[in-house]
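Dear colleague,

Please find below the structure for your files, together with its sequence. I would be grateful if you could read the notes that follow beside it.

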Amino acid sequence: SLLLALSLLSPWGSAGGSCPPRCVCASNLLSCSQANMSVVPTPLPRFTAVLDMSHNNVTRLRADWAPARLPHLHALLLSHNGLAFVSTEAFAHVPHLRHLDLSSNRLRTLDENLFSDLGELEVLLLYNNEIATVDRTAFENLGRLRKLYLGQNRIARFPLELLREGTRLPQLALLDLSANQLRAVPAGELQALPAWLRDRLYLHKNPLTCNCLLFQLLDRGRRRHLSAVEDFQDELRCSLNGATNLKILELAGKPPLNCSKAREAVLEAHLGDSVTLGCDSRWQGVRSRHWVTPGGERVLGDGGNGSVVLLANGSLQLRALRPEDGGTYSCWVAGPLLNETLYVELLVHNFTLHGPHDTLNTAYTTLVGCILSVVLVLIYLYLTPCRCCCCRGTEKPPAPRDDSINSSVLSTTPNHAGGTAEPCASHVASSAGSGQNGRFKGGGSPPLPARQGPKAQRKVSDPDSVSSVFSDTPIVV
């Protein structure tokens with residue numbers, strides 16, 4: 001009677017709940033591993049929570065492997081079976097499955113809506129298969145999926161749609177794409193992903209093509225101590241111009257790429273702008289966070305009359321920037337396991353950034369100013385009157401002295417009676433060369449008279465140089 005009572009209390013003792021042959025049953029666990037089975041045994045006990053069918057010969061998983069609903073099954077292990085086909089209706093009777101292991105099989109494609117019935121799935125293992133084609137809808141309705149292992153397959157296109165936040169897999173925290181056939185990755189878009197997701201994006205052992213964007217993506221991850229980069233530095237390699245097995249993290253400053261290290265978390269802005277400083281933490285499920293300004297002020301909410309705002313996602317928004325807003329801001333994050341401190345340097349340029357119209361006007365004004373300057377210089381060089389009587393040509397005879405009334409009035413040095421003057425040597429003839437009407441004959445050079453007194457050093461005014469007084473002022477046309 002005691003044995004009968006125990007059998008009735010055990011889930012395996014009820015009708016239709018006996019443990020299948022060649023399987024080991026323990027409470028709600030059913031292990032049929034290494035039992036040389038080609039099909040899943042039926043009927044399965046209704047209370048089965050974990051079913052281990054690994055290391056068997058189940059090559060096809062049809063819809064009838066679970067003819068009845070298994071409401072308690074949350075883990076199904078089918079690794080090492082040579083599995084080559086999975087029906088799109090194979091998981092219709094196991095809606096509460098949270099862990100599915102299909103690794104180390106012979107799957108080649110992931111058809112559309114293959115896992116759409118598994119709305120509660122959290123971990124999906126598909127590594128070490130022959131998968132080359134992944135349908136864009138293969139992972140539809142997997143709103144709770146956190147870990148996806150696709151390593152050691154033949155995938156040649158990066159499935160970026162799996163990582164875009166808020167799309168097919170909103171809670172995905174780990175994606176393993178190592179040891180595939182990826183030659184290029186969207187490094188720019190991957191850099192925009194949250195750090196907690198980039199921390200679990202594995203890309204090692206792929207035939208990647210070397211480029212500086214890829215180097216900067218991985219270099220940032222190394223400086224942030226992201227495990228997907230830091231733990232696999234030697235296996236992150238690329239090829240360039242026939243050279244293979246180049247370490248990606250050693251491309252800095254080496255020809256022909258000469259990649260430069262990108263500055264981490266440095267923002268540039270102008271006076272009056274508004275910027276948002278992101279707190280890109282490695283931890284998912286952060287308990288709390290706060291910011292500290294360059295002046296040491298702790299920001300927990302709105303501050304400075306709304307000029308500093310702490311957003312719901314942990315970012316810090318600064319409005320109407322001032323010169324004193326520049327400096328290094330720190331974000332303090334309390335993670336589920338450890339704490340983390342992030343630093344963001346803000347450079348505020350001490351001028352206002354003009355729009356395109358103002359920039360065009362400024363450039364046009366500068367160009368016109370340069371042209372006018374050149375024109376004025378040319379006018380000054382070629383149209384300015386000669387300042388010295390010596391630079392006039394010899395073909396024009398000098399005017400008579402007795403008619404030079406204007407010259408005596410406008411001359412810088414007036415003529416004084418009884419005083420001696422020193423005429424220009426190249427145009428004043430000697431007293432012996434005087435001709436008709438008192439005019440001098442050109443070509444002579446008079447002897448210089450002896451200088452007597454302070455006034456003897458003054459020069460006689462040239463009667464033809466009416467404009468010589470104003471020669472210091474250039475003519476502007």
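The model is predicted, so local features require pLDDT of at least 70 and side-chain atom pairs count only at pLDDT 80 or more, whereas totals for chains, interfaces and linings use all residues. Residues are numbered from 1 along each chain as its sequence is written, and side-chain values use heavy atoms, with hydrogens and water left out.

Helix α4

Helices (H or I, at least four residues) and strands (E, at least two) are DSSP runs, numbered from the N terminus. Helix α4 covers residues 212-223, twelve in number. From first to last C-alpha the helix reaches 16 Å, close to the expected 16 Å; the expected span is 1.5 Å times one less than the number of residues. At the start of α4, a side-chain oxygen of Asn211 comes to within 3.2 Å of the backbone nitrogen of Leu213. After the helix comes His225, with a positive phi near 60°.

Accessibility is classed as buried (under 20% relative accessible area), exposed (over 50%) or partly exposed (in between), using a 1.4 Å probe and protein chains only. The buried residues of α4 are Leu214, Phe215, Gln216, Leu217, Leu218, Asp219, Arg220 and Gly221. They pack against α2 (187-191), α3 (195-198), β14 (208-209) and α5 (227-230).

Salt bridges

A salt bridge is taken as a side-chain nitrogen of Lys or Arg within 4 Å of a carboxyl oxygen of Asp or Glu. By this rule there are eleven salt bridges.

Asp219 is buried at 2% relative accessibility, and Arg223 is partly exposed at 38%.

Glu235 pairs with Lys205, their closest N and O atoms being 3.6 Å apart. This pair links distant parts of the chain, 30 residues apart: Glu235 sits in the loop between α5 and β15 (237-240), and Lys205 in the loop between β13 (201-202) and β14. Glu235 is partly exposed at 29% relative accessibility, while Lys205 is exposed at 51%.

Arg322 and Glu324 also form a salt bridge through their side chains (3.6 Å, N to O). Here Arg322 is partly exposed at 43% and Glu324 is exposed at 53%.

Nonpolar surface patch

Val374, Val377, Leu378, Tyr380, Leu381, Tyr382 and Leu383 make a nonpolar surface patch of about 760 Å². Among these residues, Tyr380 belongs to helix α6 (residues 356-383) and is partly exposed at 40% relative accessibility. Patch residues have over 30% relative accessible area and no salt bridge, with like charges joined within 9 Å and nonpolar side chains (Val, Leu, Ile, Met, Phe, Trp, Tyr) within 5 Å. Accessible areas come from the Shrake-Rupley method with a 1.4 Å probe, and for residues only the protein chains shown count as cover.

Ser87

Ser87 lies in the loop between β6 (85-86) and β7 (99-101) and is buried, at 13% relative accessibility. The Ser87 side chain reaches the backbone nitrogen of Glu89 at 3.2 Å. Apart from neighbours within four places in sequence, Ser87 is in contact (heavy atoms within 4.5 Å) with Leu61, Arg62, Ala63 and Leu114.

With kind regards

Definitions and conventions
Polar contact = N/O pair within 3.5 Å; in protein donor to acceptor, adjacent residues only side chain to side chain.
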